[in-house]
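Me: Could you walk me through the ligand site and the chain contacts in this one?

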Amino acid sequence: MGDYILELKDVVKTFGGVQALKGVSFQLKPGEIHALMGENGAGKSTFIKVITGVHQPDSGTMLLEGEQVTFRSPLESARMGIAAIYQHVTAFPDLTVTENIFMGQEIKNKIGLYNWKRMNQKAKELIAPLSPALDVHKPMSALSVAEQQLVEIAKALSRNARIMIMDEPTASLTNHECEELYRITENLRDQGVSIIFITHKFEDMYRLASRVTVFRDAEYIGCWDVDGITNHDLISKMVGRELNQMYPVKTAQIGEVVFAVEGISREGYFKDVSFDVRQGEIVALTGLVGAGRTEVCQSIFGIMPPATGSLKLNGREIHVRSPKDAFRFGIGMLPEDRQIQGLINELPIYQNVTSAAMDKFLNYGILNVEQEKEAARGFCQKIQLKAESIQAPPSSLSGGNQQKVVFAKLLNCDLKVLILDEPTKGIDVGAKSSIYEIMNELASGGYAIIMVSSEMPEVLGMADRIVVMKAGRVTGTFEKGEATQEMILEASLRQKEAGA
Amino acid sequence: MNGKKKWKITGFLVQWEMILIYLLFLINILLMLARPNLYFASGTITSIIQSGMDLCPLVLGMALVMMMGEIDVSCAANMIFCSMTTGLLMDQGMPAVVCVLAGIATGVLLGMFNGVLVGYVGMPSVIVTISNSLFYRGIVKIILDVNVLRNFPAFYTKLAWNQIAGIPLAMIIFLLMAAIFVVVLQKTGFGRKLYIIGNNAVTAEYSGINVRKTRLAVYLIMGGMCGIASIFFVGRMGGGVSSTMGVGYEMNAIAICALGGVSTSGGKGKMYGPVISTFIMAFLIYTLGLMGVDANAKKTLTGLVLLIAVLIPNINKDLFTAVRRRFRKI
Amino acid sequence: MRKITGNKNFGLMVGLIVLLILAAVITPDLYSVGSLMNMLRNNCVFVFLAVGEMIVIISGGIDISISCIMALSGCVCSLLQFHHPQVPVFLWLIVAVLIGMVCGMFNGFVVGTLKVTPMIATLGTNYIFRGLAFIISSGAWWYPHQYQMTFQNFSIGKTAGIYNIIWFAALILILAAVFLNDTTPGRRIYAVGTNKESAKVSGIRESRVMLMSYTICGAVCGLAGMLYVANFAVGNFAIGDGFEMTAIAICILGGVSIIGGQGRVGGVFIAVLMMSIITSFISMLPGLSVWQDAIKGAIIIIAVGINIWTARSTRRRELKERGAML
Amino acid sequence: GCGSKQDTAPADTGSQNTDASAQSGGEKDAAPASSNSAAPADTSASGSGSGDLEGAHVLLLKAAGTFTTKIYEGYSDYMESHGYKTAEKSPTETTVAAQVQIIDELITQKVASITVATNGDAGYDEVFKKAKDAGIIINSVDSACNPEFRTIHVNQASSESLGAYQVRAAVLQALGVDYPGDNMEKAVDDALASYTGDELRIGVLSASIDTPVQNGWIADMEKELQRPCYQGKVSPELDKKYGNDDLTASTTQAQAFMSENKVDVIIAPTTVGLAAQGQVLKQAGSDMKVTGLGVPSEMQAFMPLSPDENAFDYVCPYMMLWDLGHLGALSAAATLAVMNDGFDGKEGSTFTMDAWGDYPETTFTAAPASDGGTEVIMDDPYVFYKDNMADWINKM
Ligand SMILES: Nc1ncnc2c1ncn2[C@@H]1O[C@H](COP(=O)(O)OP(=O)(O)OP(=O)(O)O)[C@@H](O)[C@H]1O
Ligand SMILES: Nc1ncnc2c1ncn2[C@@H]1O[C@H](COP(=O)(O)OP(=O)(O)OP(=O)(O)O)[C@@H](O)[C@H]1O
Ligand SMILES: [Mg+2]
Ligand SMILES: [Mg+2]
C-alpha cells in the first residue's frame, strides 16, 4: 500500500437530487504533480472538498499513507498536512492580507495573544515572491480578483503541507504570474510535496504534471502519464466526443467602426485610453494583472463613468452614466466576477437570464412568465447549459455552467457591442469551445465584441485586433496577423506607449 | 431544463404560505374550543379582525422594503408625522380631502428622505431609519408638545370601526390594497427588480437595473403607506393623536413580515405571507386576551409563537426532503 | 495629519469635539467634575450594551433582546439581594453574568444552530425575556430602601475617586478590545461576519461562533442589568426598554458595519461618549427637553454622513496618489 | 382646610387592607416587596386568570405597578363585599393602543363595567362608543377620559388643589419651612411675606409630555403661581423636564436639574420621577429638595420617618398623594351606583358610598369638571411627612 500517499476509492457524494460524484477513485503518488481535469460540473471541486473535509462523502474510503481517515472539518485535514486553494476565492474580505494568510495558524505571543508584528513580517516574506508590491495591511476587499488569488496561494504555501491541492489557481492569472506559480509549484514538488492541480488549461498540465486524471459527469474516466497522451486524446476523454477545432474559423465580415473609445481617463485607474471596435470584429484587451482592463470596461459600461474622454457609437458621442444607459445604447458586459456581479443566486435560472431585459416580457407592466421561460429555454439550449431545470437556482450549478447563465443573460438583450471580461475564466474545454462558437456567431451577426482576456492562446486564437495595456495605459495595438506571443508580452511590460 | 416543472400537490401543501393558513385555522379552532360562547357571538370575529388592521398598510410597505433587503424602522414615526400634518391642517379648517392628501404626501416626503439617504448617499438603512425615527418623532414632539389633535375627517373612524354586512371595512380596504401589492411584487417587472436587488444588488446594477432609483421608489411607496396607515391608525385610535402614540408599531410590522416568510436579508418570500400573518397576529393577540392570558404572559407567548413559527420552515424543509426521498425509493 | 484625517473615526472625533465645545459654551455646568462623572456613570450601561451588541453585529448577527436580558438580570439580582442579604454580594455579580450568558446562549442557539434570521430570533426572545422578567418580579418595583448598600456599591461606590461602574465599563472596553483584536476566538468573530463560506472552508464553525458571540453579548448585558439597578437603586421589569435601539445606533455611529465583519472598540467608545454628551447637554438646555429625540436623530445622521464622506475622500486621495504613478 | 379628618381616617384604613398586611407577615422590612409580589396573585384569584369575564367589573389602569395594585385592592374589596366579580387588566406598556386593544377585548367578553385611567388624552373615542353601544358602564379614575362617554370621573383630589398643594410644599421647602400642618396656604403667605432673596425658581420633572392628568396639574401649578403672594418672589415660569416615567430618562433629567443648579426646588408629580429625583439628590448629597406625588413605601429612603428627625436632613421633607385603596373603593362605589341606583353623573346628582374600612358612609355629588364633564372629588391631597410616614410605609 505504500505506493500512494493519498488514495480514494469509490467516493459517492450527492447534493439533494444531484449526484456530484458517482464512485470515483483516485491515487496520488508521493512527490508528484497530478493534474485533475474534466468538463465543468464533472465533480472536480466537489472531490477536493471531500478530501479536505468540507463535504462528507455518502460512501467510499480515503487512505492517507495507507491509513484510513475521515475528516469532519477542513481543520482536521489541515492538521494532517493537507492544504487547499479552493476554486472560488475563499477570502475574508474585511480582514487584512496578513490575517487571511494566517487564518487558522496564527502566530501568538506567550500569553496567547496575536503577534501582529511577526505575522505581518512573515506575510510580507511569503507574498513577496508572488507580488512584491502588495501591501499586507490592506483588507482583502481592496485587492483585485487576481491579487486575491495570489494571497490564497501564499496562504496555502504557508501551511508547509505534505499534500497541496490547487483548484484552478491559474484561472485568473496572467502568463507572467502563471510562470511564477509554476516555478513555486515545481519547487514544492522538489521538496517532496505531493500536489493535485486542477485546471482547464492544457499548458498548465504539460508544464507541470507527470500524471493526469480525468473525470467526466461525476465519474472517474482514467489516469494517464502525461508523456504518453496527446492533446486530442485527452480532449475526447474529457468531452466524451471528438472535438476538432478549438478556435472556430472566423466567418464574420468586418465592417465600419461601431464603437470608439477616445482618450478616456479616470484618476487612479487608467489614463488616455483609446481604441475602437468594428462591426463583426473581436478586439482583445490584454495585459498583466492590475493593468486596469476591468476598470476600462466598467467605465465604458457606466459602472464608473470616465472623468474625461468620450465614447462614440456609430460616430455619435454617447454619454453612458449607468449600465442601464449602456444597455439602452446596445452595450452589454459580461462581468469578471460572476458570483458577485453576474448571478442572482437564489432566483431561478430563467429569471437570471431575463433580468437584464425584463421590459421585453412586460404587458402593461405585468411580466409574462411563460414567455420568459420560453426565451430563457432557447438561450440555455443555445449555450448548452447543463441544469436540472430552468427553475433551478444558479447556486446549484458548477462554475462553468454558472458562467453560461450570465452569458445567456446578455444574449437576451439586443446589443450591438459586447464587452466580455474574462469570458472563459474557469470554463472547461467543451464549454469554452462552444462559447468561442457563440462569439463567432455573434460577430457574424454584426456584434462588435471587446474581450478582456489573460490567456494568450485565446487572445491569439480569437481576436482580430489586440490592444495591450500596462498600468492603466495602452502600450500597443496589433492586428491579427502580425501579433506574436512575444510581442504582446513585450508590450505589456513596456514603459511608454509605442503608438499603434 | 426539460419542459414545465409539474405542479405538485405535496409541494403546494407544505409551502410556507399554506402553513400560515393552517396556523390561522389552528388559532381559530383553539378559540372556538376554549370560548365557544364568545367565538360564535356576533361581532367577535369582526372585532378581532378590526383590531389587527391598524398597522396593515405598514405591513404591506414593509414587505416591499424587506424584500429589497432593507428595513424601515422609522415607519411608525412617519405615520404619526402624517397624522400630525392632517390633524394640523384640519385644525386650520382646510377641506378634508386636502388634509388627507397632504398627510399622505408628507409620508411620501419623509419616505423620500429615507430613500435618498439609503439609495443615493449609500448609508445602511438600519441606521438611517433608526435615526430618522428619532428625528421624525422628535419633530412631532416639538410641534405638538403637550397638545392633542382631535380634528380628523369622519371617515377615519368609520374605516376602522364600521362594517358592511358584518365584514370589517378596514379588512376590505386592506385586502384591496393587498391585492395590488401582490400583483406589484409577484407579477410586475418592478417586483422582480426588488427580488433581484434583495438577492444581489451588485448583479442588479450590472443588469442595468437602476438600484438607487428602485430603492428610492420603494421608500416612497413605504412613505405613502405610512400616510395611509395614519388613516387606519388614527381611525382605530378614535380620531385623536398625540406625539407618543404608535411607538413600537415598526417592530410589529417587521415581526409580521418575518412571520410571513419575508427574510430580513432580502430576496425571499411572497406577498401573501405577510397578508396572512397580519390576520394571524390579530387573532393570536386577541385570542390570548380573550383567554384571560395576562398582558405580560401574552408577550412571552407571542415571542414564542413567532420563534416557533419561523423555525417551522427549517424543520419543514428537512421533513420534506426526507419524505420525498422515501417516495422516490418506492 | 493624513493619518489623523484618514482614521475611520475621524468624523466621529470631529463631532465629539464640536459637541464638547458647544457644551462648554452653552452649558458650562456640564463640566463640573461631579456632573461629568455622573453623566459617565449613568451612561455606562450603554458601554456594556453597545460592546455586547457590537460583538454580535461583527459576527454578522444583530440582537434586539439585549435590553430584555438586562431587565431580566436586573430583576433577578434585585429580588435575590433583597431576600438574601446574608449572601456575599460578589455572588450577584456571578449570577448576573450567568443569567445573561444563559439568555445569550439561547439566542446563539436559535440563530447559530437553528438558523433563524438574527433579527427575528431576537425579536422573539425579546418578548420572552421581558415576559420572564415580569413573571419573576411579579410586576413589582424595587426602591432604594430595598437595595443593600453593599449591592449599590458595585456601581456607586468609588475606587480611586471614580465610580465603580465606570471602572467596570473601562474593564469591559479593554477586555473587548483585546479579545476582538488579539485572540483567536475574537478574530473568528470577524471571520464569520465577513464571509461565512470562507469561514466554513477554513474549518470555522459558524454555529459555534454565533453561539459564542451571543453568549458574550448576553453575559455583558447581564452584568449591565445588575450594575444598572445598583446604580439607580430602582428596578423593575421594564427597565431599559428601547435601549437596544440606542445601542445599535451607537454601534453604527461608532463605525461598526451593520452587515458584519467590521468594527472597533475605540469607535464604539467615542460614540458612547458622544451620545451621553448629547443627552446630558440637551437635558440641560431649558425648554429643549422635547428637542432631545430630534437632535439625537439629526446628529447620528450627520455623524454617519461625515464618516461616509471621509471614507470617500480618503479613497479619492489614494486614487490620486496612484494616478501620479501611472 | 385640609387636614384633621384625613389625618385620622386613612391612618386606620390599614386594618382594612387585610390581604396586604396578612401577606406581609411580621417582617417589617419585607413588607413592601412581598405585598408587591402578592398582588398579581390576588388579581388572578379575582377573575382575570379564570378567563370568563362576562358580567365582571373591570379596573383598567395605566400600567401594572404598586400604584395600580393598591387601587385595585380597594376596588375589588368594595366590589366583592357587595357580591360582584372583578378583574384588573392594566397593560404592560403605558400606551393608548394597548389600552384600546384591551377595552375592545373586554367588550367582546361582555363585561359589565370598565373603570379606566387613560394613558393619553386622545385615542379612545371609538372604542368607548362601541362599549357604550354594548351597554357597558364607563367611568374613569385618576386620569379622566372623554366626558362624552364616561358617566362620571372619580378624581382623587381636585386638580386645583393638587397644583396648589405641590407648589406650596415646594415653596415652603425652598424656604426651609417644615410641614406646617393643615394650613399650607397661610404658611406660604407668611413665609413669602418675609422673604427678600432672589426670585425662587421651581423645576418640574413630569412623566411623558402627553400625559393629560399631569399636564392638568402643571397648568394648575402655574395658576397657583399667579396668586399675588408669589409675585416677584417666585418665578411664574416652571422649568419643565420630561422623564417619560422611565428610570434612565428620569434620572438624566433629574441630574440635569442638579447640574444646572438653576432651580431652587423640584416638583415631581409622578411617582417614578419623584423617586428618581430623590435618588439623584440623595446620592449627590445635594441641598436641593424635591416634593411631589409619591407612594410612601417607595419614598422611605428619602424622607424622615419619625417626628423627632429633622425633615431637612432628607431630600424630600414631605410630599403628598391620596389613599389609593380608598380611591379604588370609591370608583367601585360609583360604578355600582350607576348600575344599581340610577346614578347618571349629571351635575348635582348624588350617590352614596357605603362605609368602607374606617371611612364612614359618605355621599358624593357630581360636580362639573374642567374638561366639560362631571366628576366626584374624593378629598384633598393627603400629605405625608415625618409624623405619619412610619404608619404609611407598611400600608401603601
Ligand atoms: N453545494 C452544492 N449543492 C448542490 N449541488 C452542488 C453543490 N456543489 C456542487 N454541486 C453540483 O455538483 C456537480 C459537480 O460540481 P463541481 O463544482 O465539483 O464541478 P467542477 O468539476 O469543479 O466544475 P468546474 O470546472 O466548473 O469548476 C455540479 O453538477 C454541481 O451543480
Ligand atoms: N476595490 C479596489 N480597491 C483598490 N484598488 C483596486 C480595486 N480594484 C482594483 N484596484 C486596482 O485597480 C487597478 C486595476 O484593476 P484590475 O487588477 O482589476 O485590472 P485588470 O487589468 O482588469 O486585471 P485583472 O482583470 O487581471 O485582475 C489595480 O492596480 C488594482 O490593484
Ligand atoms: Mg470546480
Ligand atoms: Mg480584470
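Reply: To begin with the term used for the shell, a residue is near a molecule if one of its heavy atoms lies within 4 Å of it. This is a predicted model, where local features need pLDDT of at least 70 and side-chain atom pairs count only at pLDDT 80 or more, while totals for chains, interfaces and linings use all residues. Residues are numbered from 1 along each chain as its sequence is written, chains are lettered from A and ligands numbered from 1 in the order in which they are written, and side-chain values use heavy atoms, with hydrogens and water left out.

Me: Which residues come nearest to ligand 2?
Reply: Of the 15 residues around ligand 2, the nearest are Gly292(A), Arg293(A), Thr294(A), Glu295(A) and Glu336(A).

Me: Why is the site shared between chains?
Reply: The site is shared because the residues that surround ligand 2 come from chains A and C.

Me: What does Glu336(A) do with its polar side-chain atom there?
Reply: That atom of Glu336(A) lies 2.6 Å from an oxygen atom of ligand 2, which is a polar contact in the sense of a pair of N or O atoms within 3.5 Å. A backbone N or O atom of Ala142(A) is also placed 3.2 Å from a nitrogen atom of ligand 2.

Me: Switching topic, which pair of chains has the most contacts?
Reply: Among the 5 pairs of chains that touch, chains B and C have the most contacts, where contact means heavy atoms within 4.5 Å. Chain A and chain D are joined by no contact, and their closest C-alpha atoms lie 36 Å apart.

Notes
Polar contact = N/O pair within 3.5 Å; in protein donor to acceptor, adjacent residues only side chain to side chain.
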